[in-house]
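Here are my notes for you to read alongside the model. Keep the viewer open and look up each residue as you go.

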Amino acid sequence: MGREGEVVSQLLPGFEKAHPGIKVQVQQIPWSAAHEKLLTAYVGEATPDIAMLGNTWVPEFVALDALEPLDSRVAQSKELPKSDYFQGIWDTNTVDGVTYGIPWYVDTRVIFYRSDLLANAGCPQMPSTWAAWRQCMVQLKSKMNDHQYPLLIPITEWPPIVILGLQAGSPILRDDGRFGGFSQPQFMKGFDFYVSLFRDGLAPPFAGTEISNLYQEFERGNIAMYISGPWQIGEFTNRLPKNLQDKWMTATLPGVDGPGVSLAGGASLSLFRGSKHKTEAWQLMEYLSRPDVQVEFHKLTGDLPARRTAWNDPLLANNKYMKAFRDQLERAVPTPKVPEWEQIATKVFEHGERAVRGRQTPQQAMQALDRDVDVILDKRRFLMDRKAGK
Amino acid sequence: MTPARPHDPLPSMARRERVTRIALYALLVLGALMALLPMLWMLSASLMPTGEASTFPPHFLPSKPTIAHYRDLFTRLSLGRYLFNSALISIVVTFASLAVNSMAGYAFAKLRFRGRDKLFRFLSAGLVLPVQVSMLPLFLLLKNMGLINTYWGVIIPGLASIFGIFLVRQYALSIPDEMLDAARVDGASEARIFWSIVVPGILPILATLSIWTFLATWNDFMWPLIVLSDESHYTLPVALANLSGEHVQDTELMMAGSVITVIPVMLVFLFLQRYYIQGVMAGSVKG
Amino acid sequence: MSKLKIPSEANTAAWFFLTPALVLIGVFFFLPVAASLLLSVTDFDLYGIANPGNTRFVGFENYSRLLRTPDFWQALKNTFYFAVVGGPLTIAVSLGAALLLSSKLVRFKSFFRTIYFTPFVTTLVAVAIVWKYLYHTRYGLFNYALGAIGIGPIDWLGDPHWAMPAIILMAVWKSFGYNMLIFIAGLQAIPEDLYDAAEIDGASAWRRFFSITLPMLAPTLVFVSVITMIGYFQLFAEPYVMTQGGPLRSTTSVVLLMYEEGFRWWRMGYAAAIAFVLFIVILLATLVQFRLQKERT
């Protein structure tokens with residue numbers, strides 16, 4: 001998906017040379033449609049051999065019994081030492097103790113910001129607590145007009161909402177993923193903070209579809225901060241003009257009382273059970289997991305390697321923007337590993353939007369969300385109860 | 001006998017007529033502009049250099065026309081493949097369904113068999129059912145037949161259409177029975193009668209139906225979206241929606257994609273509009 | 001002339017002509033429709049696709065859950081909004097265009113007719129994408145034009161109040177050509193002498209319109225409004241491409257909801273219930289229209 005889909009074909013000649021006789025075909029899908037397309041492919045028994053899966057989708061495909069367990073292959077492999085991977089990330093690919101995906105690249109969210117604008121407003125560096133962060137935004141806003149905002153959070157995205165909840169200590173779902181925990185006090189703390197940013201004019205109530213050109217707005221100073229992932233480093237470097245290149249920077253996310261956690265995101269390579277070329281596919285997976293190939297991939301996409309060894313490469317170690325990500329990855333936390341997560345995630349921002357636009361109070365919105373989530377999890381509860389013999 | 005109209009109406013009436021005429025033409029031209037404006041801007045923006053379509057105040061015409069986006073679409077983004085898919089599917093469905101629907105339409109109109117009218121009424125009742133009701137089980141059915149993500153998965157459901165049968169039957173009713181019976185007396189087989197007498201007789205409605213089917217199949221979106229998961233099979237509308245998800249920032253590129261999607265159907269329509277328009281108007285008067 | 005063929009031979013020939021169509025329609029349309037009803041009383045979903053044993057028979061629970069879900073009522077409301085406002089608007093524009101093109105005072109009729117019909121022929125997805133950019137708050141042509149006459153920029157696709165009107169506007173633009181043709185045909189069928197007689201009696205243009213044109217067009221009007229309504233209830237591509245059902249689900253239609261539940265979340269039993277409710281709604285709306293027409297005459 002995304003940029004990765006566009007560039008992965010450049011990595012293939014190396015693999016095909018080392019493995020003559022294996023030809024690899026790549027197919028790209030945009031992120032917005034990838035989830036449903038992969039499921040359609042599964043239902044239609046037209047799955048690829050390997051797919052890049054958003055790591056939050058792994059539990060879903062496991063529930064479908066679509067993926068091949070990889071533990072024995074990993075144990076026998078000379079190329080993939082488990083210990084070389086970020087623990088939290090590897091964990092996202094493990095369901096009921098079995099590994100179903102190899103982390104391919106990782107991502108997490110940090111803040112991208114206009115360092116010059118922040119310095120101008122009296123914040124020489126990115127604050128590390130919510131209170132200080134907020135203060136900084138207020139100071140920024142005082143120097144801005146009505147069409148400018150300190151922080152951009154597209155309201156049709158769920159990660160910012162969930163991150164704030166995680167930072168406030170919420171488990172997101174309760175009772176082993178049987179019920180929603182969004183209206184519980186811990187999550188509400190994060191959500192109240194989120195809504196207050198919009199209410200106080202610190203973030204614009206724009207839907208994602210309207211940011212026709214984020215980079216233009218960032219360049220023109222209409223936005224000073226943006227929470228996003230590592231792919232933006234490449235985009236910012238390419239799309240922002242030369243004279244702006246020393247005026248932006250990345251920083252780890254502020255948390256309630258100190259540096260906060262962020263999402264353990266990323267994508268994994270998974271092998272489909274229906275594949276007729278499992279050995280060859282596994283060889284490709286091993287190839288793509290080699291530290292040097294990971295670095296190469298990083299060069300092409302800006303995505304972060306999943307292996308610690310790869311991070312030692314000067315390209316990453318010396319990159320000033322990467323430092324924030326390296327730090328943040330040590331404080332990265334997975335989302336609930338339930339197959340229904342994708343649907344739940346969609347509901348999160350839908351209900352969040354109502355509170356942002358003032359249609360409902362934050363409490364009402366999150367209670368409505370919990371009601372929806374409980375319905376979504378109904379089948380899971382039924383199956384879990386049945387398995388437990390109730 | 002009605003008296004002939006006077007050749008020169010009174011001066012005040014002439015003036016009033018002229019004013020009305022001007023007003024009507026003004027409205028017509030205004031309407032034409034409104035009808036065409038989005039298409040014209042689409043064409044214009046597709047030729048603009050990257051970023052020019054997102055400026056304020058907006059530009060109507062490209063400052064430096066470029067075909068870079070079209071090049072991009074056909075090289076980097078393999079639009080040629082999708083164009084081929086759309087063309088293949090549309091043409092196959094058009095011709096195959098023409099055969100299927102015209103045979104059935106003729107049978108309902110002219111062949112006498114037991115249960116004909118009851119069957120036709122039952123079929124017509126199906127017109128009330130929205131096609132979306134069939135989509136979920138149809139998907140599961142095609143899955144079991146191994147047709148998900150194939151051309152056939154898109155083609156087969158489109159091969160027979162109750163509406164098409166309806167249209168053909170309507171038109172075929174006007175073929176004189178005597179002509180058909182005479183041919184039977186002469187010993188002609190039913191197939192021969194169909195091919196030599198009926199088909200020439202219903203040619204206009206066949207023309208209309210084929211244009212109609214081609215347009216509808218080319219433009220079809222929801223079903224191909226559901227059935228096709230592999231981009232090498234995408235039709236243009238699905239590919240376009242796909243691209244717009246990924247390239248929402250690239251206005252000019254998307255406009256070029258839209259132009260390419262729209263041109264074939266526009267051409268088909270413009271060259272064959274007589275049949276199409278006649279068909280719409282005739283169908284409504286009888287129906 | 002007496003029947004020259006023995007009935008059974010006629011039968012054989014007929015079935016030969018009919019079989020392809022009947023098999024195709026039966027297997028790929030009627031059968032799935034019936035299966036939909038069956039699907040709607042189960043909770044067939046992703047777990048069920050993996051293993052049919054995971055499916056339960058749930059009776060009317062899908063339907064009752066549907067009726068208790070705010071998202072469904074919103075989708076229903078949105079769809080009605082679109083059909084009840086968009087339908088008459090489209091018909092009015094089509095009728096206006098048809099009247100314009102039927103006037104004795106204008107020439108180049110077929111030229112203009114072709115132009116007006118062109119939007120109908122274009123691919124909806126392509127057009128939706130174009131209009132998405134035309135509706136852009138800052139760089140779009142529509143807000144530019146509004147700004148020129150002093151009206152502030154409207155957040156067409158981002159404001160829950162304006163998103164559906166934006167889609168309605170586009171739908172009217174796209175479909176008015178079709179109904180226009182039908183109206184032209186209907187207008188042509190009205191005898192000239194009725195107008196002549198009225199003119200001699202001194203009736204004004206308005207009077208002639210209301211007393212002659214409209215009543216004579218009544219059957220056409222019913223036909224047009226029924227097919228327009230049926231088409232509009234099936235709204236899907238516009239919100240899918242332009243707004244993804246937002247903002248705040250203000251443009252989520254019933255079919256879009258069905259698509260989401262059925263093909264994105266694979267809750268197929270639930271989605272089948274939505275599809276059937278759509279069918280009932282369309283059926284009722286059609287019957288109501290026919291009844292209204294009957295009462296008027």
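1. In chain A, the C-alpha centres of domain 1 and domain 2 lie 29 Å apart. The assignment gives domain 1 as 2-107 + 265-318 and domain 2 as 110-262; such bounds come from an automatic or database domain assignment.

2. A word on ground rules: this is a predicted model, where local features need pLDDT of at least 70, side-chain atom pairs count only at pLDDT 80 or more, and totals for chains, interfaces and linings use all residues. Residues are numbered from 1 along each chain as its sequence is written, chains are lettered from A and ligands numbered from 1 in the order written, and side-chain values use heavy atoms, with hydrogens and water left out.

3. Now go to chains C and B. Here 89 residues of chain C are in contact with 101 residues of chain B (contact means heavy atoms within 4.5 Å). About 8400 Å² is buried between these two chains, and carbon and sulfur atoms give 83% of that. Buried area is the accessible area (1.4 Å probe) that two parts lose on being put together, summed over both.

4. Chain B also meets chain A, with 18 residues from chain B and 23 residues from chain A taking part. They bury about 1600 Å² between them, 42% of it on carbon and sulfur atoms.

5. Next, the largest nonpolar core, which has 271 residues. A nonpolar core is a set of buried Ala, Val, Leu, Ile, Met, Phe, Trp, Tyr and Cys residues joined through side-chain atoms within 4.5 Å; buried means under 20% relative accessible area, exposed over 50%, and partly exposed in between (1.4 Å probe, protein chains only). B:F221, C:Y116, C:F236 and C:M268 touch the most other members. Helix α8 (residues 163-188) of chain C gives the largest share, 17 residues. Apart from this core lies another, of 54 residues, among them A:W158 and A:F187.

6. Click on B:F221 and look around. Leaving aside neighbours within four places in sequence, B:F221 has contacts including B:P237 and B:A241 in chain B, and C:V125 and C:F236 in chain C.

7. (Helices are DSSP runs of H or I, at least four residues, numbered from the N terminus.) B:F120, B:L123 and B:S124 are buried. Down the axis of α4(B), the buried residues fall within an arc of 100°, so they line one face; the arc is that of the directions from the helix axis to the C-beta atoms. The face turned away carries the exposed B:K118, B:R121 and B:F122.

8. Finally, charges. A:R114 pairs with A:D116, the closest N and O atoms being 3.0 Å apart. A:R114 is buried at 7% relative accessible area, whereas A:D116 is partly exposed at 25%. A:E235 and A:R239 also form a salt bridge (3.0 Å, N to O); they are four residues apart in helix α11 (residues 231-239) of chain A, about one helical turn. A network of salt bridges links A:D378, A:K379, A:R381, C:D43, C:D45 and C:R56.

How values were computed
Helix = DSSP H or I, 4+ residues; strand = E, 2+ residues; numbered from the N terminus. Salt bridge = Lys/Arg side-chain N within 4 Å of Asp/Glu carboxyl O.
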